[in-house]
Amino acid sequence: MKSTINRREWLRNTALITGGLTFLPAMINKVSANHFRHNYQPFFDDKDYVFENEDAFPKLKARLFANENPFGPSDAAKKAITGAMNESFRYPFIELMALEKRIVEFEGLNQKQILTGAGSSPLLRAASVYYSKPGSNIVTADPTYDDLPSHCEGFHAQLIKVPLTAAYEYDLDAMEKAINANTSLVYICNPNNPTGTIVDSSKLRAFCDRVSKKVPVFVDEAYIDYLPDPAASSMVDCVKRGNNVIVARTFSKLYGFAGLRFGYVLAQPDVITQLDMYTPAGQSISALSIAAANAAFKEQPYLQDALSKTITSKEYLYKVLKEEGYEYIPSHTNFVMFPIKMEGQKFTDEMMKRGVGVRFWKFNNKEWCRISIGRMEEMQAFAEAFREIS
Ligand code: PLP
């Protein structure tokens with residue numbers, strides 16, 4: 001029976017992966033741990049005012065440092081979690097396969113072309129392990145989301161970082177020129193984190209179709225759902241045409257699943273098979289998250305509502321920045337980057353003291369703040385704190 005075979009395969013894969021992970025180089029854990037600290041520790045280091053007492057952290061007035069969607073998850077997703085609770089003693093392999101089938105059918109792909117994970121991070125990590133061959137290099141942009149590239153560097157691949165254009169967009173021509181015989185992967189984040197900019201879809205599509213004949217192209221579409229027509233902006237049609245393009249998606253952003261964890265990559269079957277070797281994939285997704293993702297997938301009224309609330313908060317932020325005499329990079333996402341007039345660490349410290357968490361960057365010889373879009377009351381808390389120190 002099909003389900004018996006699938007169950008057996010599921011258990012075999014679990015055993016293989018669990019066993020296999022024991023023998024993976026200690027370096028993998030080291031790289032992951034370092035990355036986690038690199039990303040999150042700056043908020044917590046030496047900040048007694050955050051950890052003064054156990055529940056101080058949740059008392060932040062505005063948590064605007066992790067590009068979460070505070071309007072999610074949807075009611076349908078929450079209801080599905082409650083409904084799935086009673087059966088949660090079972091391995092959720094049938095439910096996961098059903099969800100994967102829905103996703104690939106929606107995208108016009110087949111079931112060998114999807115790999116799911118507890119968020120997209122484990123899948124980005126799998127790609128970084130697989131593509132970091134000795135002597136290889138990864139071509140990417142600067143600045144961009146550095147999870148995959150920094151892990152590649154951790155595995156001793158060289159990074160070729162191509163600066164963004166003057167409009168803070170990916171410079172595809174320069175990236176294509178930077179590719180050489182040792183390039184094992186091109187990583188593109190579209191829309192880009194941390195700038196919130198996009199690449200022209202037809203130009204990117206032509207780039208992917210052309211370049212992927214020589215080198216695989218990884219397109220991280222974590223924020224694609226914030227665009228007016230995600231399907232038209234996605235590079236999934238390059239996958240459909242049989243090209244060596246890997247598209248990563250996550251429910252952590254517009255779907256509001258950052259704590260629930262669900263993400264996937266879409267690629268050619270042989271690439272999926274390879275990446276699958278380096279991640280616990282579906283085995284790490286809980287039955288509750290799978291039920292929630294099934295309820296939320298393409299749930300248009302909820303997604304539209306979250307999008308319009310995000311846009312309202314973002315426009316309020318733009319107004320505040322203009323009033324205070326600040327410029328910003330117009331954003332296609334749920335975060336905004338703007339140049340600040342003091343040293344980045346000092347700025348974030350001062351904001352944190354006022355109960356507002358944001359992040360800073362340094363590029364183009366400027367200090368920048370990246371602020372995630374929150375609920376209106378969080379944006380107002382930001383405005384109040386910002387006016388005090390700007
Ligand atoms: N890709 C991009 C561009 C991101 O900004 C993030 C998270 O912020 C991720 C991937 C990973 O998200 P997750 O593991 O929650 O899916």
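Here are some numbered notes on the predicted model above.

1. Ground rules. This is a predicted model, so local features need pLDDT of at least 70 and side-chain atom pairs count only at pLDDT 80 or more, while totals for chains, interfaces and linings use all residues. Numbering starts from 1 along each chain as its sequence is written, and side-chain values use heavy atoms, with hydrogens and water left out.

2. Overall make-up. The protein chain has 16 helices and twelve strands (DSSP runs numbered from the N terminus: H or I of at least four residues for helices, E of at least two for strands). Of its 390 residues, 54% count as buried (under 20% relative accessible area with a 1.4 Å probe, protein chains only; exposed is over 50%, and partly exposed is in between). Take the contacts between residues at least 6 apart in sequence: 74% of them join residues at least 24 apart (contact means heavy atoms within 4.5 Å).

3. The seven-stranded sheet. This one is open and mixed, in the order β2-β8-β7-β6-β5-β3-β4 (strands pair if DSSP finds at least two bridges between them). β2 and β4 (158-163) are the edge strands, each pairing on one side only. From one strand to the next, the twist averages 20 degrees (axes are lines fitted to C-alpha atoms, for helices over the stretch in contact, and angles run from 0 to 180 degrees between N-to-C directions). Inside the sheet, β5 and β6 (residues 217-220) run parallel, joined by four bridges, and valine 186 has valine 217 in β6 as its bridge partner.

4. The cores. The largest nonpolar core holds 84 residues, and Tyr170, Val186, Ile188, Phe218 and Phe262 touch the most other members (such a core is a set of buried Ala, Val, Leu, Ile, Met, Phe, Trp, Tyr and Cys residues joined through side-chain atoms within 4.5 Å). Strand β5 (residues 183-189) gives the largest share of this core, five residues. Another core, of 25 residues, lies apart from it and includes Ala62, Leu64, Ile340 and Ala385. As for isoleucine 188, leaving aside neighbours within four places in sequence, its contacts include Tyr170, Leu172, Phe207 and Phe218.

5. Glutamine 113. Look in the loop between α5 (93-107) and β2 (114-117) for this residue. Glutamine 113 is buried, at 6% relative accessible area. Not counting residues up to four places away in sequence, glutamine 113 touches Val239, Val265, Leu266, Ala267, Gln268, Pro269 and Ile272. The C-alpha atoms of glutamine 113 and alanine 267 are 5.2 Å apart in space, although the two are 154 residues apart in sequence.

6. A helix pair. α6 (residues 121-131) packs on α7 (residues 147-154) at about 35 degrees, with the axes 8 Å apart. From α6 come Ser121, Leu124, Arg125, Ala127 and Ser128, meeting Asp147, Leu148, His151 and Cys152 of α7. By type, the residues of this contact are four nonpolar, three polar and two charged (Ala, Val, Leu, Ile, Met, Phe, Trp, Tyr, Cys and Pro count as nonpolar, Asp, Glu, Lys and Arg as charged, and the others, Gly among them, as polar).

7. The three-stranded sheet. The order is β9-β12-β11, open and with antiparallel pairing. Its edge strands are β9 (335-339) and β11 (359-363). Neighbouring strands are turned by 30 degrees against each other on average, direction ignored. Five bridges join β11 to β12 (residues 366-372), and arginine 359 stands opposite arginine 370 in β12.
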